[in-house]
Amino acid sequence: MLLVRRMGEVEAANAMAREALPGLEVGCSLPVQGAVRDEFLRYVDRCASTAATLPGVLFLQRGDGGLDRHSCHGMRARLHGFEGHALVLLHLDAPALDRRFRLLAAKLHDARRIMQERRRRTLQLQSLMREREALLVRMEADAVARVSAERERDEVLARLYRAGQDERRRLARDLHDHAGQHLVALNFGLRRLLPHLMGTTAAQNELDGLLGQAQDVGEALRRVTLALRPAALDEFGFVTALRYLVDEWSRATGIGTEMQVCGEEVPLPAEHAITLYRLSQEALTNVAKHAGRPSYASFVLLFSPGHLTLTVDDDGVGFEADEASTLSLVSQGKLGLIGMRERMSLVGGTLELESSPGQGTSVIARVHLTIDAPHHA
Ligand SMILES: Nc1ncnc2c1ncn2[C@@H]1O[C@H](COP(=O)(O)OP(=O)(O)O)[C@@H](O)[C@H]1O
Ligand SMILES: [Mg+2]
């Protein structure tokens, strides 16, 4: 163990140091020369400025001029009562010289082991963090996938719902346009037979039976059609559903429409609503099919106490409404207008047609409204 001054002069040396460095003299410089001396002075300088132990390497000259390499360990010395330049305490590392130095080396070794352990743990933590991050990314991707799957499912459901609605509409129209109207024609045909059977009681009874059956079939058909009523009627009520219908028709045909609701709107019994809705569908179909190039189709709903009047007008080519007798229409297989009238009479209402060639067409449907109807639409 040595005490040296900042410029490298030996201040004190213990017996072991003197033994390791023969010729060492207190007050003289350590035997360090040449380039290694500058390095040595820098090292002493660094040691002088710290209270912590600082490991280093020292090359000292032997008597024969060769260099001995010493691991060493230096720190600022604090000697009580010493005045002057800072002193540095140097431990030279020679196996026989200082046991404490070896202890220190062991501690350094421990420190290195601890550092390594810490680094290992840091790496472990880092890899855990990375795994967690990857997990988060995966979870996020899963969530995104789930949301898009849900959206897809919603779309499929909506498509199915729309398809279902289309199917109902198609079925209802088939029933109404074909079965319903043929039934009307059948009824007329059967009734036309009546006068020919006067006097033949058996045949007349038979015919009455057939008429009764036709009526039963009509009832059944009406119930089915009612069940198949457009969902829009249930969801939005008659007036809004009608507005949708008219708007949709206008978009499809490119013919302008106008819809007015006058008076105080009241809820309609389901059967009235479906009847007027189907009537409106048929009236619109007729405008598109027969009115030529009308500039508009207008709907007026007039609610008055106890009554509802629906008028559908167009300014198309019109037709000879007076000559469109029931019989001639049936014989031509034109069952739309007749069907409308039939349906209106089933809900206790009436249907009027006003038309003449070049004057456009008006379809006027009137129904009674009782205040407390059982099913509302
Ligand atoms: N808005 C309308 N404009 C002109 N003609 C119409 C109109 N509505 C009905 N018609 C006439 O009345 C006839 C009967 O109509 P309809 O009973 O619905 O039978 P269809 O539509 O099957 O011909 C039609 O063929 C047409 O000549
Ligand atoms: Mg028609």
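Buried means under 20% relative accessible area, exposed over 50% and partly exposed in between, with a 1.4 Å probe and protein chains only. By that rule I logged leucine 58 as buried, at 1% relative accessible area.

I am working on a predicted model, where local features need pLDDT of at least 70, side-chain atom pairs count only at pLDDT 80 or more, and totals for chains, interfaces and linings use all residues. Residues are numbered from 1 along each chain as its sequence is written, chains are lettered from A and ligands numbered from 1 in the order in which they are written, and side-chain values use heavy atoms, with hydrogens and water left out.

I placed leucine 58 in strand 3. Helices (H or I, at least four residues) and strands (E, at least two) are DSSP runs, numbered from the N terminus. From the C-alpha of leucine 58 I got 9.7 Å to that of aspartate 93, 35 residues apart along the chain. Threonine 53 sits in the loop between helix 2 (35-48) and strand 3 (54-61). I have threonine 53 down as partly exposed, at 37% relative accessible area.

**Entry: the magnesium ion**

Which residues coordinate the magnesium ion (ligand 2)? I found Glu282 (OE) and Asn286 (OD1), at 2.1 to 2.2 Å. Donors here are N, O and S atoms within 2.8 Å of the metal (3.2 Å for Na, K and Ca); water is not among the atoms, so sites may look incomplete. Glutamate 282 and asparagine 286 are four residues apart in helix 7 (residues 270-290), so about one helical turn separates them. Both came up buried when I checked: glutamate 282 has a relative accessible area of 12%, and asparagine 286 has 16%.

**Entry: ligand 1**

I counted 15 residues around ligand 1, and Glu282, Asn286, His290, Asp314 and Leu337 come nearest. A residue counts as near if one of its heavy atoms lies within 4 Å of the molecule or strand. Next I went through polar contacts (pairs of N or O atoms within 3.5 Å; within protein, one must be able to donate a hydrogen and the other to accept it, and residues adjacent in sequence count only if both atoms are side-chain atoms). Glutamate 282 turns up again, with a polar side-chain atom 3.1 Å from an oxygen atom of ligand 1. For lysine 334, a side-chain N or O atom is 3.2 Å from an oxygen atom of the ligand. Threonine 361 puts a polar side-chain atom 3.3 Å from a nitrogen atom of ligand 1. On its own, ligand 1 has 530 Å² of accessible area, and the protein covers 87% of that. Those areas come from the Shrake-Rupley method with a 1.4 Å probe; for residues, only the protein chains shown count as cover.

Which helix gives the most to the shell? Helix 7 does, with five residues. Helix 7 and helix 9 (336-346) each supply at least two. In helix 9, I listed the buried residues, among them Leu337, Ile338 and Met340.

**Entry: cysteines**

I searched the whole structure for disulfides (cysteine sulfur atoms paired within 2.5 Å) and got zero. The sulfur of cysteine 47 is 6.8 Å from the closest cysteine sulfur, in cysteine 72, too far for a bond. Cysteine 47 is buried at 0% relative accessible area, whereas cysteine 28 is partly exposed at 36%.
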